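Colleague: I have a few questions about how the labels in this model are decided. Could you show me the structure, then take them one by one?

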Amino acid sequence: MADAQLLLKRGPSRSTWLRARKARPQLVLSRRPRRRLGTLRWCGRRRLRRRLLQAQAAGADWRESGCLVSRSAARRPKTAAPSPAPAAAPAPSCPTTLPIPPVRPAGPGRALLLLPRDQGFTFSGICRVTCLYGQVQVLGYTISQGHPAQDVFSTYTHSRLTINAVHYSVPEKSKKEVKREARALLRSHLNRDDRCWLMKNFSPLCSIVMLEQLRTSTVNFLVSHPGLSYVFVQESPTFQINSEHLALRSVGIKREKKKNGLRLTESALSAMEELVTVSCEVDGCPVILVCGSQDVGKSTFNRYLINQLLNSISCVDYLECDLGQTEFTPPGCISLLNITEPILGPPFTHQRTPQKMVYYGKPSCKNNYENYIEIIQYVFSSYKREAPLIVNTMGWVSDNGLLLLIDLIRLLSPSHVVQFSSGRSKYMPNLTPDYVDDMDGLYTKSKSRIRNRGFQLAEFTESLEFADEEKESPVVFTGHKLICVQSDFAFRKTPRNRESHNKVLRDLAVLGYLGQLQPPVPKPLYPLHGLTPYQVPFNAVALRITHADVAPTHILYAVNASWVGLCKILDDVRGYANGPILLAQTPICDCLGFGICRGIDMEKRLYHILTPVPPEELRNVNCLLVGAISIPQCVFKSQRGLEGTIPYVTTDYNSKLPGASEKIGARETEETREEKVHPKPKLYRKIN
């Protein structure tokens, strides 16, 4: 009897629970469904996870009907009563959902990307981007239909790049006419199936992009070294292996989260808009100086600004004053370049030949400011004021670095100063014209000492011993417009790892330059010891160690297996019979390129120089400068085809030789450096 009463009590409660369960969605993850997920097998959980991820990417939730409903419609108050069970009806057909933006394979190493208006595709890796229809923008550069394809490099050393669909003007046409026009444009590029897929998902003002696999000799040379393949693509486990993933993988890229992409603040975008407007005016040749502390986004801003300017004008001039993180050359250089092509990658992917370049030889100018200022003045004298000039400065803006920046502003007379600041960076006063007037620099005087507004740098030019023709037309500072930019630039550098991170970037720039030695794709790579060097007689070039005092008897020890600047001095060195010819002072001279002194033949008195500089330029080289910029260690340790003892690598290092360490023979006693003038074992052994 008691058991019968107990069964009667359980009946209504269980039926009530069943009715409530049927009335609510099946896949809303309440407590009970979450517990029951554990009862699914591994393949079932993986299938369910993939379906939920697809629903989340489409901005919707799964419901009991099997279709996707918008999230706003799916939300209900927690206190709401359960809705009554729906009447029996045929389940509506749910259209197949596509990822946003959709990607489709278009053959080996090719993928189609359909970008709706104002949508973006963030990725990592390298690819060639062609806009088949519409208009897209990458790092500020606009690519329209009919424009040539652009090589894009989205690396893990910098913010990921995003292909953004931008608004473009079209004549008033019906949707049918627009689709007919797009189909005609795509006929020469795609097959019938791809065109049908695009037309099925076509929407007004969308953009169609072709992504193709990209292989360059420089990239192949970089990734051939152990540990550097991660720079472009990092493989990670994924639960969503579908046609999109396979298509992007065949191209050599990977979709990234939007938060990993490059994001500019409103103040940065506003500053760019103003600078582009000024530069596009009649006779608009502003001098734009960009300054700020380290890791606030100055270099990224410069790339974006250059690309924005190239959308409207044919060329932009660029003055590099940052020795440690150069944009277009190996580190340790001050250079002037004329940029005519967009910059769609980090510095080690676009090493270029400058219009004017001087090899300073160190990644910092501390304790040798006068030489730094003299070199900038020498390079800046080649600027013809025929295009806007962007000046990149160092991130050292405290103490003497700030005073040096004030000297640069007075020397270069910029029309606009873009000053970056961040909550995580060191305090830097606003460099208004009044502040610059009232502050003494390292070599210039303030306005309180020189009363006239347009003061001349007479004392400055005399102290630096400029040429007579330069003294006759001294620089006149007439003020500038200050544009302040608040940066939210996200970076992983800390004071502890900043130097090591910067060292990696400098090594990548050197490797990117050496990649020019390789033959074009599809020819295979050659190890550096398999390339034929140039033979340079001792009496054909002069030698100088720029950053340390080395005894003449040990000068060849320092030159061998070192990174050398190939320079041209005005002095004639052909009158010497034997050599080596040593310079007593470091000259300020044009640098035509760089190379590696991979061996010295003492019997024939020859230097063996490996360099990508063409032979017609090498005829003008008569000076070799050796600085503190070192060859990356992977060049010595990771050469393919070597057997036995690796040349120039040893554990038996004699640091007592003059110039062998930063403490012995160094001119800067207060500065600690990682780079050394490094004599190697078996100094005269050539790599065969």
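**Labels and cut-offs**

Modeller: Take Arg-385, which counts as partly exposed because its relative accessibility is 45%. Buried means under 20% relative accessible area, exposed means over 50%, and partly exposed is in between (1.4 Å probe, protein chains only). This is a predicted model, where local features need pLDDT of at least 70, side-chain atom pairs count only at pLDDT 80 or more, and totals for chains, interfaces and linings use all residues. Residues are numbered from 1 along each chain as its sequence is written, and side-chain values use heavy atoms, with hydrogens and water left out.

Colleague: What is the phi of Arg-385?

Modeller: Phi of Arg-385 is near 55 degrees, a positive value in a residue other than glycine. Most residues other than glycine have a negative phi. Arg-385 sits in the loop between helix 11 (369-380) and strand 16 (389-392). Helices (H or I, at least four residues) and strands (E, at least two) are DSSP runs, numbered from the N terminus.

Colleague: Why does Arg-605 count as partly exposed?

Modeller: Its relative accessibility is 30%, so Arg-605 counts as partly exposed. Arg-605 also has a positive phi, near 55 degrees. Its place is in the loop between strand 23 (590-601) and strand 24 (606-610).

Colleague: What makes Arg-104 and Asp-194 a salt bridge?

Modeller: A salt bridge is a side-chain nitrogen of Lys or Arg within 4 Å of a carboxyl oxygen of Asp or Glu. The closest N and O atoms of Arg-104 and Asp-194 are 2.7 Å apart, so the pair forms a salt bridge. Arg-104 lies in strand 3 (residues 103-105) and Asp-194 in helix 6 (residues 192-200), so the pair ties together parts that are 90 residues apart in sequence.

Colleague: Why is Asp-194 called buried?

Modeller: Its relative accessible area is 5%, so Asp-194 is buried. Arg-104 has 24% relative accessibility, so Arg-104 counts as partly exposed.

Colleague: How many salt bridges does the structure hold?

Modeller: The structure holds nine. One of them joins Lys-503 and Asp-507, with the closest N and O atoms 3.2 Å apart. Both residues lie in helix 16, four residues apart, about one turn of the helix. Lys-503 and Asp-507 are both buried.

Colleague: Which bond joins Val-521 and Pro-522?

Modeller: A cis peptide bond joins Val-521 and Pro-522, with omega about 15 degrees. Most peptide bonds are trans. Pro-522 lies in the loop between helix 16 (498-514) and strand 19 (534-537).
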